[in-house]
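My entries are kept in the order in which I made them.

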Amino acid sequence: MNKIRLFVLSILLLGLFSSSVTVHAQSTPYDSFTPVAGRDYLAQLQNLYEPVNMFSQHIEKPEDIFYFKDRLYVADSGAQAILVYDTKGNFITTIGADFLSAPMGVFVSSDFIYVADYQNEICYKLSHSGTIVQEYVRPDTPLFGSKEPYKPMKVSVNQSGDLYIISEGSTNGIIQINERGEFLGYFGVNSTSLSFRDMMQRMLGGQEKRSQLFAVKPPSPENISIDDQGLVYTITNNTAESERIKKLSIAGKNVLDIGWAAEGLTDITVDAMGNMFVVSELGILSIYDSFGHLLGNMMVNDTAERLGVFQQASGICADQNRRLYITDKTNATITILETTEIANHMFEGVSLYKEGLYLQSMDIWNEVLALNVNFSLAHQALGKAYYKQQDYAAARESFRRSADIKGYSDAFWELRNDWLTSNLTSLFALLVLLLVIKRVLRHLDRKRGIYDPVRRIWHRYKATRVYDQLRTPFYMLRHPIDAIEYIKRSGKISYAAFLSMFAAYLISAVLSEYVRGFVFTGNVTNQVNIVVILLTTAIPVLAFVFSNYLVSTITDGEGTFKQVITGYMAALSPIYLFALPLSLLTNVLTLNESFIFQFGTFFLTLWFFCNLFFTIKDIHNYSVQETVKNLLLTVFGMVILLLVIFITYVLFDQVIQFVVNFR
Amino acid sequence: MLIRKKIITGAIAVGLCALLLQPVLAQPNESLSKQQNKRQQEIVPAEISHSTPDTAGLLGLEPEEADAYQLCLENETLMLYIHQQTMGIKVVDKRTQYVWSSDRQFGEDDAINSAWKKRINSGITVEYANAKQNKTEYAMLDDQNHTLTLQQQGEQVIATAEFPKIDVSFEIVFSLSDHRLSVEVPKDRIREGEEFLITNILLFPFLGSTDQNETDGYLVIPDGSGAIMEYGQQKKEIQNPYQAKVYGVDFGMKDANSRAYSLTMPIYGIVNGVNHNAMYAYVNQGSAYATLRVDPAGVTTDYNWATFQFDYRQHFFRQTANDGSGFTDLEQQKQAYDIQLTYSFLHNDDANYTGIAHDYQSTLVSRGVLHKTQRDDPSFVYLQFLGAEIFKRELGFRANVYTTISDLKEITEDLEAQGVVPTVEYQGTLKGGKSEKTDRVFPIERQLGSEAELKDVVSALQDKNIPVFLGASYAYARLDRRGVNKRTEIVQRVDQQLNVFTVDYDRYSIQYGALRKDASLARFEDDLQRFRDLGVNVALDAATGTQLNSDYGSGRNREETVAFAEKMFAQDDASVAYHHPNEYMFATMDLYLDMPMGSSRFLMFTQDIPFVQTVFKGYVDYFAPTLNQSSNAEYDLLKMIEYGAYPSYIVTKQSPQDLANTPSSDIFSSQYDIWKQRIIQTHATVKSTLQQVAHAQIVDHVLEDDLAVTTYDNGVNIYVNYRDTAAQKDGSTIQARSFFVREGNG
């Protein structure tokens, strides 16, 4: 998904061309995208939401917003109060203006209003009229930790009245306090991650840095939400993409696998169906279904003071019609967004999909696809519906388009099964027929020598130099030791042998990638990147050979460069002779038989390594120990070689840039 | 009311005496050129029409304040008073006695600093930069160091504003005709010294400005379809003025692209008292260097004001290294262009946005820019067919076919059988696909059919009253394809770099360069004969219709580029359709495509209005943006009915699923089988409604509480109800999210 991020970033940075030359000006300052399953790019999408209005009365610095029963509760640290509005933005009342100092988070239940006050270091439980019912102050149990800060930023409450509090810098996780104010423990702590760069820096740094090597604190969550079932949702910044949005089970385990998440997230809200709405500071609004599928992404593409542009989005909430309310801390505004036609269809479809009502959702998903042919989830849902209807061919196509390998494999299994049952007899008949023909031909050959002309041609060919060059890989398959001896001693091998094997290797690499079955690639487009394959296959071979030759010359290896290079290519022969048939075979395999492919690949690789080991050993006339040493040195040499090439490239690039700029 | 009315009778005599004593003839400036001196000597001493005894009363000023104003020009409708020091003007509309002032009388409690007071009252504000530093400063006509001389010459008054401190002078020529005041700044009358460089000027920025809640009224901004900014709704979240270059960004100046609608009309309006007094400013000349600036009360001052800023030199970022570092530089050469700005004053029933649109319409008609191009039997739907588009293969590209020539014929005939008579555009006909080259139309991709076949289809359809357009674009060239001379055909920016940019796709990227207008013209002329041979009309894409770049390679500035663009279709009789064109393209336009159906919704705008639609309704048929990409088709259809626009669609025979990774990624729903029923239904709705006003003009438009009423000159009223509940209006019930047509009386 890295490319998607790059793509998104480039759009954000350029703000210039949405991928077509002409900039389509719009009343709505958003670019909307939906991920295309199995491809490395995003497809354009109609807006799922459109801003319809904005209000700002009495708002100074809104930090958080909560919707409850036709009322919007806004925690405003500038106004030092909770401001209450109706869903049209009409001001209704103020709560807690006389005691709140810096309300940062608000949560409303049918009985109470909960407010996280950063400055007072208290979480308040208020009645709906605004009187204090209870104050949750810093827990004094040793379990909480004596030095842990208690600076409440956000609060959520489950149905039994337990509070989940995010405190500033609470790296231990979410503070869980029960209704009576007793500290229950930390919940859903984030995992730590140390980047390679950080690790290098700390390892190479001084004593002080080294002592911090593994003293990394997990990032503290940014915001929190809770759904009707009591599942807690958190967002966290400065962490891996898949960790940014979490849905925590009762045990505190993350049950989501988010493919893509924006940076700088500020708030999350969850609707009754478990759909998640996440907003980032820059105003990227991402909508996920309850499984964590990214449905759509809306990105603000303008900085002008237009309706729908955010300077610093801080909070989001959704009402029962999924209308969204997004607060902007800098502008001191709240923008109201409404669902669009495609979004209404989409949410309806997602609800049915979630409940497994695939057949009932077919019309809806077809409507979605009519509006946008690239909507992956619709294809997946339709695939499941077709599968239920036993229309396996249609299901297979829909699963292919949604890159649902499992679904595809299942549909294909059914199709293959149908084919086999209806064709098994004819297959057997064909097999028997072939055997009979073979027998008859052999019999005729013995009697009348009908194969003689072929034999003559074969013998003539065997005497040519071409045969000498081309036979090596096949020789290697059957008699590896003899083949190595042949390479080393016969004197018949030339660079032509290397070239033919190298070409076979490259062609096989490209073709086997190309013909591999969908189940084993998930490649929707049926396209392969030839250049990348060529580079990734050719460079390691050449680097190895070169490095091995250099290493061997200083470690008493006997082999010449020609011998090393042909020997290496001969060792590779199982791969380039059998990878292609194996790839072809994957077209009739399903996930159930994937072990065939995996074992085949493993076996071929093992075969190659054995070949390589003996090739190096015999060509250089090494002992086993020397061979191992040589191989390790060769790998080391390869790394150094590539590093040198890379550095040279970088330096030359600098020089070229300098000359170009100098002009 | 705008001006405090305090009349002190004793002041009359004082005012009269003071005026008589005024030195009326300008001292010839020695530093002016000989020619200028000569011209000045010929000038007859200005016959100053001495102000009538009640000048002060008329202008609503204290007598001592009124002394400074001189009645310079007068006709049946207007009187022009000019302040003798600051060049502030007061225009009296004789029909209503309403005074339009460019300056203000400040009370003691006005919270405004003296610098702003000067800027408000000065008729001209010159922004200049020190030649050594790039810091800019302002020069105003205040009482120190600067001199203003007024001379009458026939029907004109020439004001010479001199700023000796910065060695700069301007001549401003005033004239009146009917209800219009024209202000000109001739380019050869601008003098500047060595040390200080003029960057831009503002003329009468506060003409018609209002105190935040002085009056009911609004500003009219032609952003998108048009928008108004009503007074008295000050919003604290608005912190910056609206600023937009007329005709959009200039890539020659490295302008960052904006995603708001670009301004296609050099105009803004001020309504001070709806149906009482209105004025609008229109740039006849120099529009390509005009920037519209709108400041709501509370942003810079406590007044609502709007003005055009005219740029002579612009700042740009000069990059000096690849890492993006560099410095802000100033253009050395001053752009040479004449400014002609016309203020038109409207009253009573014309004093609203519809009135402004109509008066502007008549201006365009009299300039020969706007013609009636409507057919007697117009099409109510516009279909854009996509022929072929590029598709990335393992190596290289292939043309993916979406609609062949015979598909196009089949679909059109299928629709015709259902009663839909569309106008048809065929784009992406180029060999290799639409984006194979972005500056060529021919040769035609073979998989689509032959040119002969296309010719037959075109004539067959046009016989059935179905006009056929061929989609063309001449704005950009692909630099990774042959046939472009970078050095002579691509726009060179102010920093001497070529205006090129790369768009990345999955596994490939495309490098584009913006074509110079002469290169665009040459390409168009190459294709012209083939268009004629095919008997086909031409539809130009949005980039060709809107982009206006200055080019520092050929040294052609933006104003000169306009002249080139005007030529593009001038010599041809084929019908031309433009996507969202700029004003200079109107003269050759037969159909207006992609007409905005709303504004860019800047926070300061309080309501969208059909300003552009009012200008064109009854003259040119216009179509809304394609409905395929619409987020809310129901709402968009209502909007079209309110605004009198016809729908358009993008249509393909094949599924557009392979377009996501191409430059046509904005097409994600277009397959005919899916859209057929929608096209037929929408067409039926639009035709049955808008047929009655197909040749009528909009004379009134009201939008209140999500209920819109558009009134046409044939008496037809169209009511559109956007609410979720039924509405009552003028004795009729309009269903929720629906519309109602009331026939005219005669």
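The entries below record what I looked up, topic by topic.

**Entry 1. Conventions.** I note that this is a predicted model, in which local features need pLDDT of at least 70 and side-chain atom pairs count only at pLDDT 80 or more, while totals for chains, interfaces and linings use all residues. Residues are numbered from 1 along each chain as its sequence is written, chains are lettered from A and ligands numbered from 1 in the order in which they are written, and side-chain values use heavy atoms, without hydrogens and water.

**Entry 2. Confidence.** I looked up pLDDT, the predictor's confidence in each residue from 0 to 100. Chain A has an average of 88, and 92% of its residues score at least 70. Over residues 1-22 of chain A the score stays under 50, and the model has 48 contacts for this stretch beyond four places in sequence. A contact means heavy atoms within 4.5 Å.

**Entry 3. Second largest pocket.** I used a 1 Å grid over the protein atoms alone: a cavity is a set of points where a 1.4 Å probe fits but cannot get out, a pocket is an open set with protein on both sides within 12 Å along at least five of seven lines, and lining residues have an atom within 4 Å of a point. Points are joined across faces, edges and corners, and a volume is the space filled by probe spheres set on them. The second largest pocket holds about 900 Å³. Its lining counts 43 residues, with F66(A), F107(A), V108(A), I226(A) and D228(A) closest to the centre. β4(A) gives the most, namely five. I sorted the lining into 20 nonpolar, twelve polar and eleven charged residues; Ala, Val, Leu, Ile, Met, Phe, Trp, Tyr, Cys and Pro count as nonpolar, Asp, Glu, Lys and Arg as charged, and the others, Gly among them, as polar.

**Entry 4. Cavities.** I found twelve cavities of 30 Å³ or more. Of its 14 lining residues, V491(B), L515(B), R516(B), K517(B) and N549(B) lie nearest the centre. This lining has six nonpolar, four polar and four charged residues.

**Entry 5. Cysteines.** How many disulfides are there over all chains? I counted zero, taking a disulfide as a pair of cysteine sulfur atoms within 2.5 Å. The sulfur of C123(A) has its closest cysteine sulfur in C317(A), 19 Å away, which is too far for a bond. C123(A) is buried at 1% relative accessible area, and C317(A) is buried at 3%. Buried means under 20%, exposed over 50%, and partly exposed in between (1.4 Å probe, protein chains only).

**Entry 6. Single residues.** T627(A) lies in helix α18 (residues 624-662) of chain A and is buried at 0%. Beyond four places in sequence, T627(A) contacts F613(A), I616(A), K617(A) and Y622(A). I noted a cis peptide bond between F442(B) and P443(B), with omega about 0°; P443(B) is in the loop between β27 (423-427) and α8 (451-463) of chain B. E121(A), not a glycine, has a positive phi of about 55° and is partly exposed at 31%. Q390(A), also not a glycine, has a positive phi of about 65° and is exposed at 57%.

Methods
Helix = DSSP H or I, 4+ residues; strand = E, 2+ residues; numbered from the N terminus.
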